[in-house]
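I opened this notebook to record what I looked up in one structure. The entries follow the order of my reading.

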Amino acid sequence: MNIQIFGKTKCFDTKKAERYFKERGIKYQYIDLKEKGMSKGELNAVCQAVGGLDALLDENCRDKDALALVRYIAEEDRMEKVLENQQIIKTPVVRNGKKATVGYRPEVWKGWE
């Protein structure tokens, strides 16, 4: 398994995801979305795995303006805006190769073991 956790340091679900893998002795790589963020390729792969860009968006994010902009912008420009404003992505985003989840989803991760 090659687990990557994209999250924010102050996100409780991100901390729970890290604890989930740590308790099971599964090595993972943590990437802080505020510091580094996702590359375009990573974002595309995650979007395909979770069923599109809308599944990645956090309805409860603080930056409501950026969220509204991404919602109503032309389809071809949405991905670029999400790359610029990664604070609107719901965390944690957990990747295992081509598989990915958004949010705290231990029932899915259990199937990866």
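Predicted model: local features only at pLDDT ≥ 70, side-chain atom pairs only at ≥ 80, totals over all residues.

Entry 1. Residues are numbered from 1 along each chain as its sequence is written, and side-chain values use heavy atoms, without hydrogens and water.

Entry 2. I looked up helix α1, residues 12-23; helices are DSSP runs of H or I with at least four residues, and strands are runs of E with at least two, numbered from the N terminus. I found T14, A17, E18, Y20 and F21 of α1 buried (under 20% relative accessible area; exposed is over 50%, partly exposed in between, with a 1.4 Å probe and protein chains only). These buried residues line one face of the helix, because they fall within an arc of 155° seen down its axis; the arc is that of the directions from the helix axis to the C-beta atoms. F12, K22 and E23 are exposed on the other side of α1.

Entry 3. I then turned to Q86, in the loop between α4 (78-84) and β3 (93-96). Q86 is buried, at 9% relative accessible area. Its side chain reaches the backbone nitrogen of M38 at 2.8 Å.

Entry 4. I checked V93 last. Leaving aside neighbours within four places in sequence, V93 is in contact (heavy atoms within 4.5 Å) with residues including F6, M38 and L56.

How values were computed:
Polar contact = N/O pair within 3.5 Å; in protein donor to acceptor, adjacent residues only side chain to side chain. Expected span 1.5 Å × (residues − 1).
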